[in-house]
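Me: Hi! I'm new to this one, could you walk me through it?
Reply: Happy to, let's open it up.

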Amino acid sequence: MIRCENLTRYFGSFVAVDRLTIEIGRGAVCALVGPNGAGKSTTMKMLCTLMAPTRGRAWIGGRDVQQDKVGVRQLIGYLPESFQLYEDLSVERYLQFFARAYNLDASMANERVTDYLERLGLNEKRDARVGTLSRGMRQRLGVAKSFLHDPEVVFLDEPASGLDPVARAELRDFLKFQQHLGKTVVVSSHVLKELADFCDHIAIVQNGRLAEFGPLSGAEGVLARYSGTAQGGRRYSLRVVKDGPRLEILLKELPGVSNVERRDVTLTFDLAGDEEAAAGVLTKVAGAGFLVARFSPEEVDLESVYRQASKGERSD
Amino acid sequence: MPATPSSDPPARESAPPSAGTAAARLEEADAPAAPPDTADHTWLQHLGMPFYFRHTPRPAMRRGIFWGAFISIAVLLVLNLIFMPYGRDSMAYAIRFALFGNESGYRTFDAGARGIFNQFYIIALVLSGIIAPLFATFSLSNERVLGTMEFLKLAPLSTTGIVLGKMFGSVYVIHMISGALLLAGVPLAILGGYPPENVAIALAGMVMACLLLTAAGAFLATQTMAFRGFAAVAGLLALGFFVHVPPLAASGEKEVGFISLFSPWGMLDALFWHEFGSAWRRANVPMLAGSTYLAYAYVLAYQALFFVLFVWAASRKLDSSEKTALRPSAWIALWSFVAVGALGAAYNADVNNIRSLDHCWAAAMAILLVAGYVVCGLALIDHPFRRERTLSDECERLAGRGERASRRRFPLHAGFVTLLVLLTGGLGTAFFYETSTANRAEGWLLCAMIFLPALLFLLLALALEASAIRFRNFVGQATLSAVLSALLLGLTLAPAIHAGTINARFNRCAWAAENYYRWVANDKPKQQYYWNPSEQLELLNRHLENAEMLAEMDSLEKVQNIQRIYQNRPVALFLHFRPWAYLLYPLLFLAAFAGLYYWRHCAFALLRKEAERAVLPAAGVLYNKSDP
């Protein structure tokens, strides 16, 4: 549904986006993450036809973003990180205006506007002037505008910024609902835990280049790839009641164990091999007289993947 | 380095759809389901004007505008009806008499009807041709300043649609009031005896003038974001002044009278009002190639062309500020229209008592040189050199990804502008050649008329390109461009002024010497002496340059001989008395060209160094040359 090849954008001699090659299928929800200035917004703007790439090409739904701008704009919705609204219009008239700009007829426009006002909690403000809305309400209105014409692909640049925790949760539910409808969503955010809830793909951008890209879960998923060690095993966490330093010495002597790190009585280490090897380690530790409080494989979350990918630490 | 899975060939859509069939297959495979045909396809939407809906006033305001306009028109009509002629026994006459006395009012019904039309036409012109374009300009400019344009550009509308929507959608109420005024005025104009075809031309003229100014405003709005959008409004006010006022200066001249039609007031004057002027003014019907209707058609077509080009330029600039406003083909079209207009003026032969054909050629030359060089100047400013873009290209090239030698380095734009100037100079000189047999005397002069401006424009183009590459900020670019332009203009004008001064001095000396020798020989003077010829010659001799000339005029025969040789040959005369100019001025031009070309080269070299500083430290990280 979204494809770009060697997408590059310069600002003078500064490379904001450098040869980005990516492909996102229909119905995928892709998190675009990276530090500030990594090129996420520039990428979105290029894909949304708002900025011409210096080099490379991109297609949305098979339509070239440079050659068929109007065609691409029919397919996409976009919520920029910072945006301005028509302050003089009421909330309802604002949405009506854009509904007509997207060629929706009057009855369908009314239906959609009412629907999105309700879904995004703007119903009480439908007659309020946009200029009087709070930051969060404006953000909701921006989201409503982006989805109003039922686009196939939606780009959301920091959609949760300015929202309170409850509104964030509502937005998350709204995006999950859109995911169920089969829309392709590309969302950039710094709140990685929330992204992990509903994203099925991740693209990590660092210095304008793609540091990591792929499905989030599954055997070939990014999480699985980052949970593994260099030897093909996993990283484990072991907590004992006392004698942490002595355990550290013991673990370092055991075969297949490497990268032992100790924080008081909690130790983490890489272990080559499968669950049988883990059971062997546990037996030896217990046999040496240690009182084991907890022993489990370490969980890999989006944040640790992001950290490792940003540093180029993935071992394979 | 983390692997980038995207570099692996994906199962589907792996090949870039460079070939048409591949693209078609891809589109077929990945094309979204066709959206339901929900559009209601109003004519406004066909024109790309969904903004109609945004600017729909609230019902109360809508009623207020309607009734306000209705009452105003009604009051105007009533006031005019009061001024109509009536029988002395009528009530209307009594009211008129009571309010304004016996002498007020129109003499006939026809005069009254025409008066109403004139009033309504001018009010409509002010509303739609001045106020509406200013509002539309502010609307578009303000949208860019506030940042709301981004959402508009995301709607499935072409950029031209957005520009048109902002031009008309935001001020449609004003145009509707104008329409209502004309709807009331036009029947009265025809009843009042105005020829229907003239009324039709007047309406077309008004529409085109309004379109032209609105489009010009839209273009200005895409150029500036200063002063919260008011900079564009100020620009349009200035431009409007030049569109409305200067053409009127041509209305009294038979050869170029059609230029006055470019102003709506000039068109009104030519169509309806000139009959009230003096006999001399009444004879000055604006014509092109001897035809009045051709003159109107030409002006309307030119305004239509300008409208299209302004909208196109505004769309291009709104789409990307890196683009030039117009393509070379558009500049050629504009220039061609200027040439056609000039030729039309040349063929305004002495139909309708025009003094002589020579005057027509002179007028044609004036039109071509003024308007043609203005077109060339605008094309010169609209150059494709953008520092950011060129720097990006240079970085790409250094990283081994871009073209080896960037096309942007070649002065193609300078060449195009120089060619356009050569055409202008060539055609203008041809007109000059036809103006008088005296103007055919010297080939050098004709060559100078063609090549000197071309040389100036070439140097200016190089200077503009170099300053655009060299300076990061607009102020630096503009300042240096202005200074260099002034210097180069001075350099171009210097030989012309020098030659002109020598020519004037020569004429004065020759005249004085001839008088002197006639006076000495007691011959009949060529002209009446006001001073003693001997004293005058002595006075002239005090100046070194005059003495130098007078030395070659030591007898009447020699004076007449030298006059015969150099009559109407200012360049030959100049070179005879200032032979070093043969060397000096070409050398100065050569030095200017070499200096500018070198500076341009240095600007590119500095840009390359900047690119190297950016690229080389990052080599292997951002710019791995081994990468495909």
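**A first look**

Me: How many disulfides does the structure hold over all chains?
Reply: It holds 0 disulfides over all chains, a disulfide being a pair of cysteine sulfur atoms within 2.5 Å.

Me: What is the mean pLDDT of chain A?
Reply: Chain A has a mean of 83, and 92% of its residues reach 70 or more. pLDDT is the predictor's confidence in each residue, from 0 to 100.

Me: And what does chain B average?
Reply: Chain B averages 79, with 83% of the residues scoring at least 70. In chain B, pLDDT stays under 50 over residues 1-41 and also over residues 620-628. Where pLDDT is low, the predicted coordinates should not be read in detail.

Me: Where in chain A is confidence highest, and where is it lowest?
Reply: It is highest in helix 1 (residues 40-47) of chain A, at 91, and lowest in helix 8 (residues 222-227) of chain A, at a mean of 68. Helices (H or I, at least four residues) and strands (E, at least two) are DSSP runs, numbered from the N terminus.

Me: Is helix 1 of chain A mostly covered or mostly open?
Reply: Mostly covered, as 6 of its 8 residues are buried. Buried means under 20% relative accessible area, exposed over 50%, and partly exposed in between (1.4 Å probe, protein chains only). Among the buried residues of helix 1 of chain A are A:Met44, A:Met46 and A:Leu47. A:Thr49 follows helix 1 of chain A and has a positive phi, near 70°.

Me: Let's switch to sheets. In what order do the 4 strands of the open sheet in chain A come?
Reply: The order is 12-13-11-14, with antiparallel pairing. Two strands pair if DSSP finds at least two bridges between them.

Me: Which strands stand at the edges?
Reply: Strand 12 (257-263) and strand 14 (292-297) of chain A do; each has a single partner strand, so one side of each is left without a neighbour in the sheet. From one strand to the next, the twist averages 15°.

Me: What packs on that sheet?
Reply: Helix 9 (residues 244-253) of chain A does, touching strand 11, strand 12 and strand 13 of chain A. Its direction makes about 170° with that of strand 12 of chain A. Axes are lines fitted to C-alpha atoms, for helices over the stretch in contact, and angles run from 0 to 180 degrees between N-to-C directions.

Me: Back to chain B. How many helices and strands does it have?
Reply: Chain B has 25 helices and 0 strands. Buried residues make up 46% of its 628 residues.

Me: Where is B:Ser139?
Reply: B:Ser139 lies in helix 6 (residues 109-146) of chain B. Beyond its neighbours within four places in sequence, B:Ser139 is in contact (heavy atoms within 4.5 Å) with B:Lys166 and B:Ser170.

Me: Why does B:Ser139 count as buried?
Reply: Because its relative accessible area is 14%.

Definitions and conventions: Residues are numbered from 1 along each chain as its sequence is written. Chains are lettered from A and ligands numbered from 1 in the order in which they are written. This is a predicted model: local features need pLDDT of at least 70, side-chain atom pairs count only at pLDDT 80 or more; totals for chains, interfaces and linings use all residues. Side-chain values use heavy atoms; hydrogens and water are left out.
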